[in-house]
Amino acid sequence: MATPTVYKNFINGEWVESKSGATFENRNPADTNEVLGVFQQSTAEDVDTAISAAAEAYKKWRLMPAPKRGEILFKVADRLLREKESLSQDMTKEMGKVIAETRGDTQEAIDMTFYMAGEGRRQFGFTTPSEMMNKFNMTIRQPLGVCGFITPWNFPMAIPSWKMMPALICGNTVVIKPATDTPLSVVNLVKICHEEGIPPGVVNLVTGSGSKVGQPLIQDDRVKVVSFTGSTEVGRKVAESCAPKFKHSCLEMGGKNVQIVMDDANLDLAVDGAIWGAFGTTGQRCTATSRLIVHKDVYKKMVDKMVDAANKLKVGNGLDASTQMGPCINQGQLDTVLSYIEIGKKEGAKLMCGGEQLTGGDYDKGCFAKPTIFSDVTQEMRIWKEEIFGPVLSIAPFDTFEQAIEMANDTEYGLSGSIYTQDVNRAYTAMRDVNVGIFYVNAPTIGAETHLPFGGTKNTGNGHREAATATLEVYSEWKSVYVDFSGTIQRAQIDNQ
Ligand code: UN1
């Protein structure tokens, strides 16, 4: 077997080894014998060097006119577009999701980069009349400094781009720690940023574990903004470590997303939506559909159709274009999925299909689970309440529309929700009353677009949004500017009485 490529950290415009001398392997979850590369097992010392580089580079980068920063991002976006296929192939190998989906992930990064490049000529503030004579008022956005990013493995390039591109266009510099399961996609992204003209020190990459790299990154006083995507449990710790310093943090965490199916819904469309929402990305999206609630009059029919469709899904290596669902990201995640299946069974939910690991032949090389459906799930069950992050769907019946809304909101999370109905009044009522950050009518819970705010209510987030112009609030602060050209002292609230 060929010796695997060694990938380095990227600090101050150079590829460098970790001072630790230690490395870790990145393996393909569809074939764990395949090592995709060896990455740096970095430590606090490497993080410190990267933050110093970012802090130094900030002095110049913040002063580069934003449209010029945008010109560089346009080049980055264009290059991502040209290399979309190879980037997506790399991503499927390290993450496992099917090639059509990794193309979508790369496309999401392209969209975000083009979008934020355009923000170089916007980032609008406003002017407003002063309450005094001969005085001019306006607002401008200002960057904050070094941003520290901890990014997940389920969207290996899209989510890093959601954080990096707005941070850069606002004039901040970046240190990113990618998930240990998917560092290659971030190496690829950072390499392109560098080669297309992002100056040394503006974007830095340090690979390694949460405890040795993530923690020192978020605790460093020179890091002014922390953006994290991952579990609610870890997000809470990130928030706690940012709080004493009043460090800004943008947290994008768990979901337990619901699809409501009314009795008047187009059932086949609802089935397509729920299958894609639940089993797309092997259920490993924060927006994945994990609860399907169905009006009692169409419940049996819907459950039967769902089971039929789930049983037909072709599970396998994502590089095969005919595969519809890839593996779980790693053995640990597969174990979590299998343990939730046991929990569901013990709690008395009805296992309708799946319910086990896929074995035999090539399946034995990877971390494959069968698409799993439980019906008759009740609101006390753990599989109703807890985020599983795998191909496990819970289905439950409801009686009235009001009950459906109550059930939809019966969760600690609030990321995404959806309703299938032909009744416009119910669609709008659900749109208003389901407590989530993203809502769909006659569409699945997954599939957000980059120019709309992305994020959730309750334990899903801390009030911030990623994507769209909403994310500029994370990466810039408002400065209100007053210019007095009266030549006299004018006292607000006093001299204008
Ligand atoms: C995530 O699951 O972490 O809306 C992100 C979607 C994708 C992004 C999901 N565009 O499903």
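Tutor: Contact means heavy atoms within 4.5 Å. Helices (H or I, at least four residues) and strands (E, at least two) are DSSP runs, numbered from the N terminus. This is a predicted model, in which local features need pLDDT of at least 70 and side-chain atom pairs count only at pLDDT 80 or more, while totals for chains, interfaces and linings use all residues. Residues are numbered from 1 along each chain as its sequence is written, and side-chain values use heavy atoms, with hydrogens and water left out.

Student: Which helices do the buried residues of H2 pack against?

Tutor: They pack against helix H1 (44-61), H3, H4, H5 and H6. Buried means under 20% relative accessible area, exposed over 50%, and partly exposed in between (1.4 Å probe, protein chains only). The buried residues of H2 include Ile72, Leu73, Val76 and Leu80, and Arg69 and Arg79 are also among them.

Student: How do you know that the length of helix H2 agrees with its number of residues?

Tutor: The expected span of a helix is 1.5 Å times one less than its number of residues. Helix H2 (residues 66-82) has 17 residues and should therefore span 24 Å; its end C-alpha atoms are 24 Å apart, so the two agree.

Student: What makes Glu85 and Arg103 a salt bridge?

Tutor: A salt bridge is a side-chain nitrogen of Lys or Arg within 4 Å of a carboxyl oxygen of Asp or Glu. For Glu85 and Arg103 the N to O distance is 2.8 Å. Glu85 is in helix H3 (residues 84-95) and Arg103 in helix H4 (residues 99-119), so the pair ties together parts that are 18 residues apart in sequence. By this rule the model has 30 salt bridges.

Student: Why is Glu85 called partly exposed?

Tutor: Its relative accessibility is 34%, so Glu85 counts as partly exposed. Arg103, at 31%, is partly exposed as well.

Student: What is the burial class of Ser88, and what does Ser88 contact?

Tutor: Ser88 is found in helix H3. Its relative accessible area is 0%, so Ser88 is buried. Leaving aside neighbours within four places in sequence, Ser88 is in contact with Ile99, Thr102, Arg103 and Thr106.

Student: What N to O distance joins Glu466 and Lys163?

Tutor: The distance is 3.0 Å, and the two side chains meet in a salt bridge. Glu466 lies in the loop between strand S20 (457-458) and helix H15 (472-475), and Lys163 lies in helix H5 (residues 158-169), so the pair ties together parts that are 303 residues apart in sequence. Both Glu466 and Lys163 are buried.

Student: How far along helix H6 are Glu195 and Lys191 from each other?

Tutor: They are four residues apart in helix H6 (residues 183-195), so about one helical turn separates them. Glu195 is partly exposed at 40%, and Lys191 is partly exposed at 36%. Both belong to a network of salt bridges that links Arg79, Glu83, Lys191, Glu195 and Glu196.

Student: Why is strand S7 called largely enclosed?

Tutor: Five of the five residues of strand S7 (residues 146-150) are buried, so the strand is largely enclosed by the rest of the structure. Val146, Gly148 and Ile150 point one way, and Cys147 and Phe149 the other way.

Student: What makes S7 and S8 a pair?

Tutor: Two strands pair if DSSP finds at least two bridges between them. S7 and strand S8 (residues 173-177) have five bridges, in the parallel sense. Phe149 stands opposite Ile176 in S8.

Student: What makes S5 and S21 edge strands?

Tutor: Three strands form an open, antiparallel sheet in the order S5-S6-S21. Strand S5 (127-129) and strand S21 (477-484) are its edges: each pairs on one side only. Three bridges join S5 to strand S6 (residues 135-142), and Thr127 has Met138 in S6 as its bridge partner.

Student: Why is Pro444 called buried?

Tutor: Its relative accessible area is 14%, so Pro444 is buried. Pro444 sits in the loop between strand S19 (438-441) and S20. Its contacts, leaving aside neighbours within four places in sequence, are Gly273, Trp276, Gly277, Ser418 and Tyr420.
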